[in-house]
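Colleague: I have a model on screen and would like to learn how to read it. Where do we begin?

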Amino acid sequence: MMRLAEMSADELQQMLRHVRAEYDAIRARKLKLNIARGRPGEEQLDLSNELLSLPKPDDWITEAGDDARNYGGDPKGLVELRRIFAPILDVPVEQVVVGGNSSLAIMHDVIVWALLKGVTAIATPWMKQGRIAFLSPVPGYELHHNMCIEYGIDLIPVPVTPKGPDMKVVEHHVRDPRVKGMWCVPTYANPTGEIWSDEVIDRLAAMEAAATDFRLFWDDAYVVHHLADNSKPAKRILPACAAAGNADRPLMFWSTSKITFATAGIGFFAASPANVRWFLDCAKRRGAGQDKLNQLRHARFLKDAGGVTRHMKRHRAILAPKFSAVLQAFERRLAGKGAAVWTRPEGGYFISVDTIAGAAQRAVRLAGDAGISLTAAGSTFPNGHDPKDSNIRIAPSFASLEDVRIAAEAIAISILLAAVEKQLG
Ligand code: PLP
């Protein structure tokens with residue numbers, strides 16, 4: 001197989017005609033498929049339908065003896081639910097807090113509280129410290145970026161390696177006291193899919209940050225979302241930071257959005273005892289408590305940590321073939337041509353593709369014209385601007401397996417066509 005960069009102009013022209021004909025044939029099929037959003041598919045949601053009839057009509061008293069239908073109870077949330085997730089995240093139950101239906105909403109609140117009040121009772125509010133910044137591995141998650149953009153927090157991009165963020169770049173930037181936070185998706189990062197190595201995590205835990213109120217925003221969204229055998233999540237951050245003398249550095253977030261129901265699941269927060277006290281103190285001014293019935297429902301349904309593992313295996317059985325379908329199409333259509341490189345994640349929700357520079361937007365447009373909606377090129381970069389115009393995020397979860405097969409073929413051909421056009425100049 002000859003690489004595009006090694007082909008003569010005649011060979012490229014010949015290839016262009018060939019690929020264009022294949023592309024036109026796909027376009028003629030007038031497809032209408034969506035591979036844009038990392039949403040669970042319907043079959044996955046069906047796995048949790050038992051939740052719709054829980055708790056049972058006579059079941060509303062929690063383990064602590066509270067009436068789940070009423071105000072009151074532990075502000076940390078139901079212990080029976082916290083106990084399910086504490087061993088999974090390897091956090092003491094006392095340091096786990098249940099918080100509403102969305103982990104992003106908790107991240108948002110934490111940022112706003114840090115801006116208005118500071119990250120501890122004695123810290124200066126971030127908004128009184130001039131222009132501040134967050135580090136963000138790129139490509140990354142646009143909703144993380146957008147939160148910072150919304151509140152005037154600068155984003156400093158950090159390149160991603162197969163082992164996580166480039167730590168030399170991180171260690172360089174945290175010497176600047178303006179840098180108050182860093183976005184981290186340590187297990188099956190969105191969209192690049194890697195698991196951060198022990199070395200990366202130890203360095204994040206131990207590095208010297210100029211800002212004493214620097215925090216790692218540890219988004220464990222995909223901590224149990226494995227697609228392969230013997231997978232395990234990234235090393236745990238709380239003990240690593242505690243061992244390095246920085247116990248208050250990490251703030252952990254996760255949810256059941258991609259375990260049970262998205263936006264009708266449970267969001268979680270965990271951190272050091274001091275950070276948990278700070279969090280609860282801020283949260284008590286926000287309202288009179290969380291939805292205890294939803295917590296009870298989830299505790300009854302998931303039962304224990306083993307219940308979560310068994311449930312995630314059912315998700316895997318649905319998701320893994322969709323990921324394989326995309327990877328097989330890419331292998332068949334793109335391997336050895338130098339048109340793109342792509343990730344082969346062992347978990348999470350995304351495949352990240354890097355086309356040759358300057359071809360991503362065109363490829364996404366071509367796919368769109370052929371009826372395949374993809375996430376806009378560049379959306380994995382702050383302000384939607386990918387300086388190389390090369391990254392495309394593929395989310396194979398939502399469409400049916402048959403549709404993913406068809407879409408993957410169309411996407412691969414669109415990427416190839418865009419790359420050949422770009423190579424011809
Ligand atoms: N964090 C990451 C990294 C995600 O990819 C997503 C969803 O795509 C979320 C958080 C969403 O979390 P939640 O539904 O709990 O707000």
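Modeller: With strands. Helices (H or I, at least four residues) and strands (E, at least two) are DSSP runs, numbered from the N terminus. Two strands pair if DSSP finds at least two bridges between them. Ser255 stands opposite Gly267 in β9. Two caveats belong here. Residue numbers start from 1 along each chain, as its sequence is written. This is a predicted model: local features need pLDDT of at least 70, side-chain atom pairs count only at pLDDT 80 or more, and totals for chains, interfaces and linings use all residues.

Colleague: How many bridges join β8 to β9?

Modeller: Five bridges, between β8 (residues 250-255) and β9 (residues 267-271), and the two strands run antiparallel.

Colleague: What is the strand order of the open sheet of eight strands?

Modeller: The order is β2-β9-β8-β7-β6-β3-β4-β5, and the pairing is mixed. β2 (96-98) and β5 (164-165) stand at the edges. Each has a single partner strand, so one side of each is left without a neighbour in the sheet.

Colleague: Which strands does helix α3 touch?

Modeller: First, the terms. Two residues are in contact if their C-beta atoms, placed from the backbone, lie within 7 Å. Axes are lines fitted to C-alpha atoms, for helices over the stretch in contact; angles run from 0 to 180 degrees between N-to-C directions. Helix α3 (residues 79-89) packs on the sheet and touches β2, β8 and β9. Its direction makes about 135 degrees with that of β2. Helix α9 (residues 273-283) also packs there, touching β2, β8 and β9. The direction of α9 makes about 135 degrees with that of β9.

Colleague: Now domains. What are the bounds of domain 1 and domain 2?

Modeller: Such bounds come from an automatic or database domain assignment. Here that assignment gives domain 1 as 4-45 + 309-424 and domain 2 as 62-303. Their C-alpha centres lie 31 Å apart. In the interface, 24 residues of domain 1 are in contact with 27 residues of domain 2.

Colleague: Which element supplies the largest share of the domain 1 side?

Modeller: α11, with six residues. Both α11 (305-334) and β13 (391-394) supply at least two residues each to that side. For composition, Ala, Val, Leu, Ile, Met, Phe, Trp, Tyr, Cys and Pro count as nonpolar, Asp, Glu, Lys and Arg as charged, and the others, Gly among them, as polar. The domain 1 side then divides into 11 nonpolar, nine polar and four charged residues.

Colleague: And the sheet of three strands: which are its edge strands?

Modeller: The order is β10-β11-β13, an open sheet with antiparallel pairing. The edge strands are β10 (340-342) and β13, each pairing on one side only. Neighbouring strands are turned by 20 degrees against each other on average, direction ignored. Three bridges join β10 to β11 (residues 351-355). Val341 stands opposite Asp354 in β11. Helix α12 (residues 360-369) packs on this sheet, touching β11 and β13, at about 40 degrees to the direction of β13. Helix α13 (residues 401-424) touches β10, β11 and β13, and its direction makes about 20 degrees with that of β11.

Colleague: Which residues come nearest to the ligand?

Modeller: A residue is near a molecule or strand if its C-beta atom, placed from the backbone, lies within 6 Å of it. Of the 13 residues around the ligand, Ser102, Ser103, Leu104, Ser255 and Ser257 come nearest. The shell divides into five nonpolar, seven polar and one charged.

Colleague: What is the mean pLDDT of the protein chain?

Modeller: pLDDT is the predictor's confidence in each residue, from 0 to 100. The mean for the protein chain is 97, and 100% of its residues reach 70 or more. The predictor gives the complex an ipTM of 0.99 and a pTM of 0.97.
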